Amino acid sequence: MRIVRILMVLTTLFFTSCESEPEKALPSVLLSEAQMVDVMVDVQLMESSISVRKSSNHQTTYLRTHGFDTIFSHHGITDSVFIENFRYYSETPDVMLRIMDSVVVELNRMKSDLENDQTQSSLSPDQ
């Protein structure tokens, strides 16, 4: 009798655990993955800029208070839209990983372009 109860409990747990996940609530403004990558690239650049300065000088304080607002405004969103979308995409780790991989690829491309520009300018006969 005890084994039957255990089997019934396990069967119930199995079937209840197989229910589909509740749908994620969509953000009020859903950014495409490409748009999210663009915003996150800018956010990463801003965070790096702040991190490099490390001191609490006027410029760092300004960047902390106004820099992100400028980024969001440039992309036509608010900080709350960004946060909603970040949470939304974070609920699907494979999608967030794809977004983050794209951010890294874009940042590496930008770094490579900058290094190429610096190399070209140092090789330029005009200098």
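This is a predicted model: local features need pLDDT of at least 70, side-chain atom pairs count only at pLDDT 80 or more; totals for chains, interfaces and linings use all residues.
## Helices α2 and α3

Helix α2, which covers residues 33-53, packs with helix α3, residues 58-74, at an angle of about 175°, and their axes are 10 Å apart. Because angles over 145 degrees count as roughly antiparallel, α2 is roughly antiparallel to α3.

On the α2 side, the residues that meet α3 are Val-39, Asp-42, Val-43, Met-46, Glu-47, Ser-49, Ile-50 and Arg-53. Their partners in α3 are Gln-59, Thr-60, Leu-63, Arg-64, Gly-67, Phe-68, Ile-71, Phe-72 and His-74. Sorted by class, this contact has 8 nonpolar, 5 polar and 4 charged residues.

## The largest nonpolar core

In soluble globular proteins, nonpolar side chains tend to be buried together. Here the largest nonpolar core holds 21 residues, of which Met-36, Phe-72, Ile-77, Phe-82, Tyr-89 and Ile-99 touch the most other members. At least two residues of this core come from each of α2, α3, α4 (79-90) and α5 (93-123), and α2 gives the most, with 8 residues.

## Helix α5 and Ile-99

Helix α5 has 31 residues, which at 1.5 Å a residue should span 45 Å, and this agrees with its end C-alpha atoms, which are 45 Å apart. Its buried residues are Val-95, Met-96, Ile-99 and Val-103, and these buried residues of α5 pack against α2 and α4.

Ile-99, leaving aside its neighbours within four places in sequence, is in contact with Glu-33, Met-36, Val-37, Met-40 and Tyr-89. Two of these partners, Met-36 and Tyr-89, are, like Ile-99 itself, among the core residues that touch the most other members.

Technical notes:
Residues are numbered from 1 along each chain as its sequence is written. Side-chain values use heavy atoms; hydrogens and water are left out. Axes are lines fitted to C-alpha atoms, for helices over the stretch in contact, and angles run from 0 to 180 degrees between N-to-C directions. Helices (H or I, at least four residues) and strands (E, at least two) are DSSP runs, numbered from the N terminus. Angles under 35 degrees count as roughly parallel, over 145 as roughly antiparallel, 65 to 115 as roughly perpendicular and the rest as oblique. Contact means heavy atoms within 4.5 Å. Ala, Val, Leu, Ile, Met, Phe, Trp, Tyr, Cys and Pro count as nonpolar, Asp, Glu, Lys and Arg as charged, and the others, Gly among them, as polar. A nonpolar core is a set of buried Ala, Val, Leu, Ile, Met, Phe, Trp, Tyr and Cys residues joined through side-chain atoms within 4.5 Å. Buried means under 20% relative accessible area, exposed over 50%, partly exposed in between (1.4 Å probe, protein chains only). The expected span of a helix is 1.5 Å times one less than its number of residues.
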